[in-house]
Amino acid sequence: MMLSKQPSLPEWSEAHAVLDMADLVRREGNRVYSSSALAEGLYQSMLCGLTVSFLRGGNVCAMKAHDLDVTVSLHEAAIEQDDGIERNSPVKMIVSVSYMKGSAETLATWHRHLCLYRQSIRIAPRETVTA
């Protein structure tokens, strides 16, 4: 019996998962209004049981669920320009994640869950409402 070779998946990255999840929750989630978050200059959005906190500028700063509690810090770093690759920006985003609850595996599970959610809303049939 000969097994067909499966295409390899791209390497999973914590940074990519955090930014992808934050983007999806910001776009598709429900805004959560709490006086404590607003007092700290944050806004929050929730999707599928995951609450993501954003700074005023829109950068993600925390993610929380029943099995996950992470603090996220973002900063920009210059990209070496002598590598021969043409880039859109001279800087790249560096993502640092600190776990209070959960682990990288928990984050990966949440990322897969939200990717499946995104896929389901893309392929869901759109009903046309006529008045």
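This is a predicted model: local features need pLDDT of at least 70, side-chain atom pairs count only at pLDDT 80 or more; totals for chains, interfaces and linings use all residues.
Colleague: How do you know that S1 and strand S2 (residues 42-47) pair?

Modeller: S1 and S2 are joined over 3 bridges, in the antiparallel sense. Two strands pair if DSSP finds at least two bridges between them, so these two qualify. Residues are numbered from 1 along each chain as its sequence is written, and side-chain values use heavy atoms, with hydrogens and water left out.

Colleague: What makes strand S1 (30-32) and strand S6 (91-101) edge strands?

Modeller: The open sheet has 6 strands in the order S1-S2-S3-S4-S5-S6, with antiparallel pairing. S1 and S6 each pair on one side only, and they are the edge strands. Strands here are DSSP runs of E, at least two residues long, and helices are runs of H or I of at least four, both numbered from the N terminus. Neighbouring strands of the sheet are turned by 25° against each other on average, direction ignored.

Colleague: Why are H1 and H3 called oblique to each other?

Modeller: Helix H1 (residues 14-28) and helix H3 (residues 104-123) pack at about 45°, with their axes 10 Å apart. The axes are lines fitted to C-alpha atoms, for helices over the stretch in contact, and angles run from 0 to 180 degrees between N-to-C directions. Under 35 degrees is roughly parallel, over 145 roughly antiparallel, 65 to 115 roughly perpendicular, and the rest oblique. H1 and H3 are therefore oblique.

Colleague: Which residues of H1 and H3 meet?

Modeller: Among them are Met-21 and Leu-24 in H1, and Leu-107 and Trp-110 in H3. The residues of this contact divide into 12 nonpolar, 2 polar and 4 charged. Nonpolar covers Ala, Val, Leu, Ile, Met, Phe, Trp, Tyr, Cys and Pro; charged covers Asp, Glu, Lys and Arg; the others, Gly among them, are polar.

Colleague: Where do H1 and H3 lie against the strands?

Modeller: H1 lies across S1, S2, strand S3 (50-55), strand S4 (60-65), S5 and S6, at about 90° to S2. H3 lies across S2, S3, S4, S5 and S6, at about 85° to S5.

Colleague: Why is His-75 called partly exposed?

Modeller: Its relative accessibility is 42%. Buried means under 20% relative accessible area, exposed over 50%, and partly exposed in between (1.4 Å probe, protein chains only); His-75 therefore counts as partly exposed. His-75 is in strand S5 (residues 68-78). Leaving aside neighbours within four places in sequence, His-75 is in contact (heavy atoms within 4.5 Å) with Lys-92, Met-93 and Ile-94.
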